[in-house]
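Q: Can you walk me through this structure? I am new to reading models.

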2 protein chains.
Amino acid sequence: MFIEPKVLKGFRDFLPPAEMIRRSLTEKIEGSFRSFGFVPIDTPALEYAEILLGKGGGETEKQIYRFKDNGDRDVALRFDLTVPFARFTALHQDELSFPFKRYHIGKVWRGENTQRGRYREFTQCDFDIIGSDSAAADFEIILMIRATLLSLGTDVSIRVNHRGLFNRFLSHIGLSEKSAEVLRVVDKIAKVGIDETRQTLAGLAGDSNAQKLLAFIGADGTDKKETFEQTLNRITELSGGPSPESERLALLRRFMLDAAGTDAPDDDSFILDPSITRGLDYYTGVVFETFLRELPGIGSICSGGRYDNLAGLYSKSHGSKAAISGVGSSIGLDRMIAALESLGKIPAAVGFCSAAIACVREEHSGMYQALADRFRRAGIPCEVFPDEAGSPDSKQLVKQYILAEKKGLRWLVIPGGDPLHDPLTLRDLGARQNREGLSVEETMKIMDSITHQGAGM
Amino acid sequence: MFIEPKVLKGFRDFLPPAEMIRRSLTEKIEGSFRSFGFVPIDTPALEYAEILLGKGGGETEKQIYRFKDNGDRDVALRFDLTVPFARFTALHQDELSFPFKRYHIGKVWRGENTQRGRYREFTQCDFDIIGSDSAAADFEIILMIRATLLSLGTDVSIRVNHRGLFNRFLSHIGLSEKSAEVLRVVDKIAKVGIDETRQTLAGLAGDSNAQKLLAFIGADGTDKKETFEQTLNRITELSGGPSPESERLALLRRFMLDAAGTDAPDDDSFILDPSITRGLDYYTGVVFETFLRELPGIGSICSGGRYDNLAGLYSKSHGSKAAISGVGSSIGLDRMIAALESLGKIPAAVGFCSAAIACVREEHSGMYQALADRFRRAGIPCEVFPDEAGSPDSKQLVKQYILAEKKGLRWLVIPGGDPLHDPLTLRDLGARQNREGLSVEETMKIMDSITHQGAGM
């Protein structure tokens, strides 16, 4: 019997070099979230389809992995971490302390068209603050995006806007009723271009309104080099004067300046961009998109915003308690890795372990482990080769040198005939040189100094 | 519209207190694997059903989540990490360096009967060395089990046996042909008891052979208090004298003594137990089970053994290259946590963050973040409360004290009117006492000393 070994289209195996990079990045992202006091949750991969589809319809329904389980339940694999979080919040709200700051890193599944380079299994890193309406919460999410991406070695430009202020403007020019359509059209402007957007808007609201809309979002052809404050003043006026929404944007700008201190961000790090709307009906307040300073062309790598009713669909009561508001965002790990790769910011190899003990005589394997244990206790990961290979007498363990190099190790420790008492030989696989006659302490000292000096990530 | 928020039977949400414990334990387990030089891989949750079912039949087929995807492919959720690893090895063997030491921590799904307290989604932590036949590899897996469980604060007793030696004995008494059945019956002895096992064996092989089998496995009623060496001598003789299999067990014992050094294990930490057979046909060499010294009753929490043909089912060629041998084991995270809980070895709360900055005036939120940034840069995770609550004038921020206590924090930093220049007040939420007039440095010093002193996990 033979079964062809293959993976499903859009799914991937991760071999150690790729998986070590993924884990290193995830650990950095998680470390950043934790440093802000965010706490982790987890939810099932599989849920009732009814819960995941919610109001249903559209792309989601076509892409979701949905089936009947052995108990004939209508179930599906989660396609994002937001819907499960809404269900989670409704179910557990009495057990949570608000404001609640949580992160959730996990896989999601979508039957996407793989021709567009999309994967059907990918990892999302979500973070939200719920149960607070304050500008401070909006600001913290934006600040955490910046801190997290800086920790990955890349600087960002965050573009914000306020859906409520946009709606106020629409109301001011008499387009309130077409708010949802207009926001969706404007959201696609970066993809479809100004001309097509102008046409679509004209069809929707007339030529004159189309022109006003393009002027509001700063896409009317005049190349505005505005500061945050200038843009804010302009759109505040266009939307009928100061409002709680314009006030919130002003507050966010002030927080950013206050927080920066000596590490003041330049004008491009935090931009007010009235064309940012985020297509989803879901958002009601501040919205934002994040671009890599060195690679803006790949689009937003971390978007999000404020919503005012996270769990309503799953809550029986419709009082103030049920309408949980919040603000949140998500980093797509796979897209982030692709971006860092194009920028050359991913080291060729990330190793969790850089040392091995050669197997000179297999019967000494117990003592080799005792030796490795001394390294490990000193915080130096160390593997032990299990097989004799090469000629021990001449200390030319060529096959083991080659294996160690293939594995990307830096050091091979070659024990003597009495492994725990004889001096050690240390092979530097980078320099291809051996140093003989070393004690365990001397060996650790050399490994420690050079390994840490050259450690990437 | 209202949708009842609920999770599927056998599936679980993890709220922050539980998830922080899960992550802390996973990080310890992973840290131990890495210290031995094992590297991570990952594979898809969803695979072709044909690949996961392999030769098919039995419990697996009934429990697997299997369905047709949108492209009408016959797919299924992985039910363990071993079968995907076999497929992975066949597919990528030219890209791997052997011996290959990998770990894989991930979720698996089985439609188990939940009445037995089983979950349908659970996490496994697998680790294997493949491409080495040596006793040193067998030993390393056993040593890593011990080191990993010690790092979780619990001591273990590891029971080993050799399937080949058992088969040699069966051959010696003329029962070769019934090997598979006998091994399966013996595997269940702890569950069904000696009397029923004797009857089943008698039915299978006659009264006299049943008696011999029970004598071999040490279950003939004579209470043998044997050392490892005594048991080895006895079963070596019963199986017709010294053999490569008895020699391997002797080598493992020697390695264990050599590796222990000053940290010598007592007789109960490493036991030769001829009744350990592991029911699966899969194993061909050394097999082992791991029991918690303080809670042996819950059964083996980490079992495994040596196999001689991992990827054969997925390999076209049947040469020596295709027949990849190896040795491996798996820790069930959920069962391990349940065991640690019964032993009281899980702290009531694991916190990743123990400090917050109170929100005295929301308009100062930018400066509060600048203050928090100083803590974070010093390695002290710190959250910032986003909402004013309580009376700032009297510094009686009672609501914020309560929130901080609910969150399990130890420290609440209360900034002054000029947050970056005025002295700070530090509330010790454990002692319910405030210390006033502190500089940032003094605040960090106090938090750091007491937090680290009392840190669990």
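The chat below goes from one chain to the contact between two chains.

Q: Where does the model come from?
A: This is a predicted model, where local features need pLDDT of at least 70, side-chain atom pairs count only at pLDDT 80 or more, and totals for chains, interfaces and linings use all residues. Residues are numbered from 1 along each chain as its sequence is written, chains are lettered from A and ligands numbered from 1 in the order in which they are written, and side-chain values use heavy atoms without hydrogens or water.

Q: How many helices and strands has chain A?
A: Chain A has 16 helices and 16 strands, which are DSSP runs (helices H or I, at least four residues; strands E, at least two).

Q: And what does its C-alpha trace span?
A: About 90 × 60 × 45 Å along the principal axes of chain A.

Q: What share of chain A is buried?
A: Of its 457 residues, 58% are buried, meaning under 20% relative accessible area with a 1.4 Å probe, protein chains only.

Q: Now the contact: how many residues does it take from chain B and from chain A?
A: It takes 106 residues from chain B and 106 residues from chain A, where contact means heavy atoms within 4.5 Å.

Q: What area is buried there?
A: About 9000 Å² between chain B and chain A, with 61% from carbon and sulfur atoms. Buried area is the accessible area (1.4 Å probe) that two parts lose on being put together, summed over both.

Q: How many salt bridges between them?
A: There are 10 between chain B and chain A, each a side-chain nitrogen of Lys or Arg within 4 Å of a carboxyl oxygen of Asp or Glu. A salt bridge joins the side chains of D42(A) and K107(B), at 2.3 Å, N to O.

Methods. Buried means under 20% relative accessible area, exposed over 50%, partly exposed in between (1.4 Å probe, protein chains only).
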